[in-house]
Amino acid sequence: MFSYDEPLFRPPAEAYSAIIQATLGCSWNQCAFCEMYASKRFKVRPIGDLIAEIEALSRAFPDARKVFLADGDAFVLSAGNLLPILQNINRCFGRVQRVSAYSMPRHILSKTDDELRTLRENGLKLLYIGIETGDDELLSLINKGETSQSSIDGIRKAHDAGIDTSIMIINGLGGKQFSHQHAVNSARVINRINPKFLSTLTLSMPYGESHFRSRFQGEYYPLTVVELFEELRLFLGLAELNNVIYRSNHVSNNLILGGTFPKDKESILDQIDRAIEESPRGQYPVSPSIL
Ligand code: SF4
C-alpha cells in the first residue's frame with residue numbers, strides 16, 4: 001500500500017478519479033495568489049515508484065474510469081517521461097477512459113505536435129489550465145510566468161492535437177483597480193480558445209490580505225461581493241463561446257452557477273443580475289484562513 005504526499009489537490013471533476021502523484025509540488029510555485037504547494041519542493045518521481053503505485057491503485061480501484069496525474073503541473077514532464085506512465089495506466093486500469101493533469105501553457109508549447117498526438121493516443125485527453133486572467137498587465141503583477149498569447153498558443157496547440165482543456169479564471173484577481181481590464185481581456189482570450197470546459201474561482205487569501213499584498217506587484221483593493229458579481233457579469237456577458245461547459249462551483253465562489261454556452265448564457269447572466277440586486281452593497285467575501 002502507499003500513501004500520498006500531502007497536501008494533495010485535484011479539480012472538483014476528478015473527485016472519483018484514481019490519483020497518481022507523477023510529480024510533487026509545482027515546478028513554478030511563484031504565482032502571487034497561490035499557496036497550494038508552498039510547503040513542497042518540486043520533484044519528479046521515479047518511474048519505478050510510479051509503476052508500483054499504478055499497479056497497487058488499479059488493484060484497489062479496478063473499475064476506475066478516470067485517472068488524474070498530480071501534483072500542480074504534472075504535464076511539465078517531458079513526453080518521454082509521460083508516455084511510460086500512460087502506458088502503465090492503460091496496462092493496469094482495464095476500464096480507464098481518460099487521463100488528465102494540470103498544466104501551464106508553456107508545458108504544451110515545449111512539446112512537439114507529434115508528441116502531443118502520441119500522448120493523446122495513449123489516453124491523455126484533458127488538461128486543466130489556470131490561465132487566471134487574459135490581461136497581460138495582471139499576468140505580470142501576479143507573476144504567472146505566462147502571457148495572454150502564450151496561453152492562447154499553448155491551449156490551441158493542445159486542441160489541435162485532440163487534447164481537451166478545462167480553463168480556470170480567477171474572479172477578483174486584480175481587485176478594484178484591474179477589475180475592468182481583467183474581465184474584458186479574459187473574455188477576449190477565452191473567446192479565442194473556446195475550451196471544452198470553463199470555470200471561475202474567486203480569489204481567496206488563506207494567509208490573509210497583507211500576505212497577498214506582499215506578493216502582488218501592484219496596488220490591490222479587494223472587491224466587495226457585489227463587485228465580484230459585476231466583474232463576473234462583464235466577463236461572461238462578453239463570452240462568445242460555442243458548446244462550452246461552464247461551472248462556478250468551487251468552494252471559493254459566492255454564487256454557484258453552471259450551464260453550457262451559448263444555450264444557458266442568458267439564464268446565467270439573469271442569475272448574476274438577481275444576485276447583484278439582492279446582495280447588500282459594501283459586504284466583502286470571507287476568505288478561509290489557515291493562520
Ligand atoms: S502554476 Fe498553478 S500550482 Fe503553480 S504556483 Fe501557479 S497557480 Fe499555483
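Ile245 stands opposite Thr260 in strand 10, and this position belongs to the pairing of strand 9 with strand 10 (residues 257-261), which runs in the antiparallel sense over five bridges; strands are DSSP runs of E with at least two residues, helices are runs of H or I with at least four, and both are numbered from the N terminus. Two strands are taken to pair if DSSP finds at least two bridges between them. The model is a predicted one, in which local features need pLDDT of at least 70 and side-chain atom pairs count only at pLDDT 80 or more, whereas totals for chains, interfaces and linings use all residues. Residues are numbered from 1 along each chain as its sequence is written.

Strand 9 also pairs with strand 8 (residues 197-202), here in the parallel sense and over three bridges, and Arg247 of strand 9 is the bridge partner of Ser199. Because four of the five residues of strand 9 (residues 244-248) are buried, this strand is largely enclosed by the rest of the structure; buried denotes 20 or more other C-beta atoms within 10 Å of a residue's own, with C-beta atoms placed from the backbone.

Helix 7 (residues 175-193) and helix 9 (residues 225-238) pack at an angle of about 20 degrees, with their axes 7 Å apart, the axes being lines fitted to C-alpha atoms over the stretch in contact and the angles running from 0 to 180 degrees between N-to-C directions. The two helices are therefore roughly parallel to each other, a term applied to angles under 35 degrees.

Definitions and conventions: Buried ≥ 20, exposed ≤ 12 C-beta atoms within 10 Å, placed from the backbone. Parallel < 35°, antiparallel > 145°, perpendicular 65-115°, else oblique.
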